[in-house]
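I opened this notebook to record what I looked up in the structure. The entries follow the order in which I consulted the model.

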Amino acid sequence: MSMDIIVKKGLDLKLVGKPSNEIDQAKFSQDFAVYPADFHGVFPKLVVKENDSVKAGDILFFDKNSEKVKFVSPVSGKIKEIVRGERRRVLEIKIHADKEITYKKIKKLKSENSSDIIDYLLENGLWTYIKQRPYDVIADPESSPKEIFISGFDSSPLSADYDFITKDQKENIIEAIKHLSKLTKGSVNISLRKESNSFLRELNDVIIHNVSGPHPAGNLSTIINKVSPINKGDTVWTLNLPDLAIIGNTILNGKFSPERIVALVGSSISKPKYYKTLAGSNISTFLNLNEKNSRIISGNVFTGTMINLNGHLRHYSNEITAIPEGNDYDLFGWAKPMFEKFSVSRALTFSWLFPNKKYDLNTNTNGEHRAFVVTGSFEEVFPLDIYPMQILKACMYKDLDEMEALGMYEVSPEDFALTEFICVSKQPHQSIIREGLDLMKKEIG
Amino acid sequence: MSIKSKLHEIKESFKGKKMAPAFNAFHTFLFTPNDVTSSGTHVKVADDLKRTMNTVIMSLVPCLIFGIFNAGYQHNLAIDAANGISTQVSLFGNFLTFDNLMIGSMKVLPLVIVSYVVGLTVEFIFAVIKGHEVEEGYLVTGMLVPLIVPVDLPLWMLAVSVVFGVVIGKEVFGGTGMNILNPALTIRAFLFFAYPTWMSGDKVWVYDAVNRAGTPEAISGETILGMHAQNLTVDMYSLQDMFFGFIPGSIGETSKLLIIFGALFLIFSKIGSWRIILSTLIGALVMGLIFNGVIEAGIITDSSKFYGLMSVPFWEHLLIGSILFGAVFMATDPVTAAQTNKGKWIYGFLIGFISIMIRVFNPAYPEGVFLAILLMNVFAPTIDHFVIQSNVKMRLNRLKIKAA
């Protein structure tokens, strides 16, 4: 079954540094790290100590709030260091990897019951790949989702091409979908670009949504809002296609190996292309920069996490993006005609003249933080039937009733990346929404 | 050492100090800062609030320059008229002359300077006290204020009302972006109610008319609206004069052509809301049509004091007074206008509608645009509330269907 979805409002930001369709094996690095901050809302309770030896798939920590959710090691090796921050909060678990990875032997699934499948996923660290709406956090294993949505493509700037990176993962992905479909009474929905000829189209018992239009066409909120909007009390589970490969691989082969094909992209990269590596791996072995003063991002320029030159590939990332830092002043930058920077206005900014130009943007904020002034621009890039500015303001003044009434259950921070990008007042939309969601989760649950 | 690095050092030395916002205001005027993104999106669009405000100012500059020449031209025209000489306007013959420029600059530039200096001083003081950056809101307000006052306004009155307008109209609500009333119109309203003799009547609209009143050199300083309000026939000015702006009035409001240019620039640059501009004009036309209909039906006859303004053809209302200027530059202020797209249509329409209504029925002063906009500023959040409620209801209905 398939359906067409046309996204009209949005914006495709074209950047320099698109990857070529080549995959290289990244040189193996023995430096690995797991960052609990990747799992929003998780309060890590460690089960390992420094100098412990672990195998790939061994439990490192679990979530204090939801003890069934386990987080496992991506490699075998020795726990080198546990970096703690304020109030002994765990920031980073550093692992010195063995040269030859040994895997924890994972028992076969007991049965095809949904409860057995859930236990299996929880125990083996695979549950982390299943997120839920509302709140955009790791799914509550006790909840029963009305539908499962799988993002089959990413429309963010310079994002990895899911069709390309999963082309050899057909078996694994089909295996994962087979099991996931048992977890919901509703259906498994997959979003694909209209022009994609993914093997997923051959599947029978899923609903394929053929999406066309600009970013955020790939964001699942956009699809869910059109297909099966989330009401108060509903839960929907969401996954990303590349993560299904890891789930399927574990089920089929009995070992946990978070292998990823990562797109190394951005204008600061000399040769943008794909690299095969493991989640948690040090990126310096394959990073090739042409500009020293660069921002390295695990993920894309809209939602990614800032990391340093010796940083690690984060749990959910399918890209490493590098763009120039913009830590320089610009003489009369607010007044002069602007050709090299992107803009959605035409206030002496000329990007409207070159719709296909690829931009080399840096990390400068191009102005200072201000209160919201301009109205009507967010709506142009925001496809959900939600008032973006009003919901942001509701989050800022923490009015739970209003947040709920305006549709807070349906959004995730990434939906506000575009409005944040175009915001003239340089407000941090994504973190405003994130704080709003956290507050709602705490107060309403 | 370059200016850039020198200023950077000074900025660092000011960091955390009380006067930092004051220095930063000058610094960021010269250089956009070296701030980089930290969380959220790692890249940002080129526009900031300074650029947005600057775009509005650019669209106002032609009106200002025209206003300067027109101040001189109207002065000379009125003297000629008092001497019984009737002159025909000619752009290069008697309008864009050095004499007009001198008279106009002498009267208008001090208004601009006082407006900016006083207003920005208040902004700086508040920024330093409250420890936030100096915000750009006043850049536009400071330009708008001199354009919407009569040319003969004493400077001290302007200064007093700017202080009132910025403090009460804006800063007490929390500064730029938080105000309920349009600051420029708050300033004008304060002037109007505090010093009505300097803001209305038949003298203030032409330079020196007040001084010469009662002397043998007396000249007229009456606007077209004033003449209509007194049921006088207006034959001094042709439609072209009204459209191109060779008429007396507030400094920047007279040239409809240049206002239209400004509007097109604002709409093209996506800074001004075309929805508000268009719906304001539609509202004004509808009200004008209603009045024309009343006259046509004979309900109001020429014995009524409203006859003069009611019988103005509905489309001519757009050419006289400040409705066009108000629609383009005042109603569109995003902070005080309705913020939803549907709301903007309603908000604009009501501004136009009420403007012409007040214009016709106001016994003391034949113009209502600033009052109408201020009134709708107050109601804009209400309009938005009802627009947003429909979205909220849609969501609730969905929930009910699901529960059923």
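Entry 1: I began with L192(A), whose bridge partner in strand 14 of chain A is N210(A). Helices (H or I, at least four residues) and strands (E, at least two) are DSSP runs, numbered from the N terminus. I noted that the model is predicted, that local features need pLDDT of at least 70, that side-chain atom pairs count only at pLDDT 80 or more, and that totals for chains, interfaces and linings use all residues. Residues are numbered from 1 along each chain as its sequence is written, while chains are lettered from A and ligands numbered from 1 in the order in which they are written.

Strand 13 (residues 188-193) and strand 14 (residues 207-212) of chain A are parallel and share 5 bridges. Two strands pair if DSSP finds at least two bridges between them. I then traced the open sheet of 7 strands in chain A, which has the order 1-14-13-12-15-10-11 and mixed pairing. Its edges are strand 1 (2-6) and strand 11 (137-138) of chain A, each of which pairs on one side only.

**Entry 2: helices on that sheet.** Helix 4 (residues 220-227) of chain A packs on the sheet and touches strands including strand 10 (131-133), strand 12 (147-151) and strand 15 (236-240) of chain A. I took contact to be C-beta atoms, placed from the backbone, within 7 Å. The direction of helix 4 of chain A makes about 140° with that of strand 12 of chain A. Axes are lines fitted to C-alpha atoms, for helices over the stretch in contact, and angles run from 0 to 180 degrees between N-to-C directions. Helix 5 (residues 241-253) of chain A lies across strand 12 and strand 15 of chain A, at about 85° to strand 15.

**Entry 3: the three-stranded sheet.** I next examined an open, antiparallel sheet of 3 strands in chain A, ordered 4-6-7. Strand 4 (44-46) and strand 7 (70-72) of chain A are its edge strands, and the twist averages 35° from one strand to the next. Strand 4 and strand 6 (residues 59-63) of chain A are antiparallel over 3 bridges. There K45(A) has F62(A) of strand 6 as its bridge partner.

**Entry 4: a helix pair in chain A.** At what angle do helix 7 and helix 10 of chain A cross? The axes of helix 7 (residues 388-396) and helix 10 (residues 429-443) of chain A cross at roughly 60° and come within 9 Å. Helix 7 and helix 10 of chain A are therefore oblique to each other; angles under 35 degrees count as roughly parallel, over 145 as roughly antiparallel, 65 to 115 as roughly perpendicular and the rest as oblique. The crossing is left-handed, that is, the near helix is turned anticlockwise from the far one by less than a right angle. Helix 7 of chain A contributes L392(A), C395(A) and M396(A), and helix 10 of chain A contributes H429(A), I432(A), I433(A), E435(A) and G436(A). I classed these residues as 5 nonpolar, 2 polar and 1 charged; Ala, Val, Leu, Ile, Met, Phe, Trp, Tyr, Cys and Pro count as nonpolar, Asp, Glu, Lys and Arg as charged, and the others, Gly among them, as polar.

**Entry 5: a helix pair in chain B.** Helix 13 (residues 256-268) and helix 16 (residues 323-330) of chain B pack at about 20°, with axes 10 Å apart. The two helices are therefore roughly parallel to each other, and their crossing is left-handed. K256(B), I259(B), G262(B), A263(B) and L266(B) of helix 13 meet L324(B), F325(B) and V328(B) of helix 16. By class, this contact has 6 nonpolar, 1 polar and 1 charged residues.

**Entry 6: where the chains meet.** I found 61 residues of chain A and 49 residues of chain B in the contact. Helix 18 of chain B gives the largest share of the chain B side, 7 residues. That side comprises 16 nonpolar, 20 polar and 13 charged residues. Strand 21 (residues 330-331) of chain A and strand 1 of chain B pair in the antiparallel sense over 2 bridges, and F31(B) is the bridge partner of L331(A).

**Entry 7: overall dimensions.** Chain A has 10 helices and 21 strands, and its C-alpha trace spans about 65 × 50 × 45 Å along the principal axes. Chain B has 18 helices and 1 strand, and its C-alpha atoms fill a box of roughly 75 × 70 × 35 Å along the principal axes.

Technical notes. Two residues are in contact if their C-beta atoms, placed from the backbone, lie within 7 Å.
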